[in-house]
Amino acid sequence: MPLTWNTIECAVDGLWTEWRDWEPCSVSCGGGIQTSRRSCTNPEPAFGGADCEGDSVRSQSCNKKGCPVDANWSKWSSFTPCTLSCGGGTHKRSRTCTNPPPKFDGEDCIGESDEVQPCNILPCPVNGGWSPFGRWGSCSLTCGGGIQDRLRACNNPLPAFGGTPCDGPDVESRFCHLFPCPVDGKWTRWSDWDACPVKCGGATQARLRSCTNPSPAFGGAKCIGERQQVQACNAHPCGVDGNWARWKSWGRCSKSCGGGKRAEHEPAPTPHLLTVAEIVQENKMKLSLAIINHVQWTATGPRGKTGADVHVHVVEEHSLDLVLAPAPLRRIVDRGALGRAKKHNRAIRMSRVQVTEKKK
């Protein structure tokens, strides 16, 4: 026999390459980070071999020396008071080279630390004065609390030659129309329908809503419409479950010897048909249809033989209007075999009842 060699490749564990050179520092001064990398390709893991252990990137700090900081001026101080109140004077303001101060051989501030300017060169100032308030304006709302304003002007006199403006607001406000606004009522959502009180035969169920979303208030309009809805429910007739008749006798064996089969036949369940009282109550069809309510399925013939028997059962004796029914029906109860059922064939034809035959 030829030899068969094991052709499965052996697992190869991954190994790291040497660390690469350090990359450039992230900043030129003030402390940064530089990194160095390696890869798991010396060799790469293969055929289920283990991956490399450890990190593929390392880092270290670099360029820790502080960066040069050029100096900058602080904000100017406020001017000193003018040497004269009007007619021309001088005032001065200052600043310092501390925002920030120079560091690590940074440049010093450029410019002067003091500034002198002329002041009050115009004629002596005239301070402004308020005129009387005007009339109140219209209210911002017709109800529920609004605002109305009145104005005054700083023209009594106007400020001039550096005079101070009027002190205080030029608008005065007050509340107005504080009485509540009318709130019209709105309906809530309809509630779920009440559970139907019956499972069949017909009834009613209701659902409600209330005029509380919001409720009418302060002369507001009431909700329009009905607070209750009613609908019919479960109007279908109540069903009657079918029930099995007795088993029919065993059929003939499929073989005379050597093992055969024979079956017993299970008749179909008796269907539920409406009685006269149910038809009248439900108002589903004309009263004449009540005569259909006496049909029942095939019964067993005499001496255990199965034939095309007809089992007729008229539930009640009715006297029907000639317009609605072909003829009066007599109470006919046949619980026996085919022979006694044939005696009533004439009565069946007179009543024009369709009789269902079930052939086996």
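Arginine 38 is buried (under 20% relative accessible area, with exposed meaning over 50% and partly exposed in between, for a 1.4 Å probe and protein chains only) yet has no salt bridge. A salt bridge here is a side-chain nitrogen of Lys or Arg within 4 Å of a carboxyl oxygen of Asp or Glu. The nearest side chain of opposite charge, aspartate 55, is 6.8 Å away; Lys and Arg count as positive, Asp and Glu as negative, and His and the chain ends are not counted. The backbone oxygen of aspartate 55, however, lies 2.9 Å from a polar side-chain atom of arginine 38.

This is a predicted model, in which local features need pLDDT of at least 70 and side-chain atom pairs pLDDT 80 or more, while totals for chains, interfaces and linings use all residues. Residues are numbered from 1 along each chain as its sequence is written, and side-chain values use heavy atoms, without hydrogens and water.

Arginine 38 sits in the loop between β1 (32-37) and β2 (57-62). Beyond its neighbours within four places in sequence, arginine 38 contacts (heavy atoms within 4.5 Å) Trp16, Thr17, Glu18, Trp19, Glu53, Gly54, Asp55 and Ser56.

The chain has three helices and eight strands, taken as DSSP runs numbered from the N terminus: helices H or I of at least four residues, strands E of at least two. From the N terminus, the order is β-β-β-β-β-β-β-β-α-α-α. Of the 360 residues, 19% count as buried.

Leucine 122 lies in the loop between β4 (114-119) and β5 (146-151). Leucine 122 is partly exposed, with a relative accessible area of 48%.

Terms used: A polar contact is a pair of N or O atoms within 3.5 Å; within protein, one must be able to donate a hydrogen and the other to accept it, and residues adjacent in sequence count only if both atoms are side-chain atoms.
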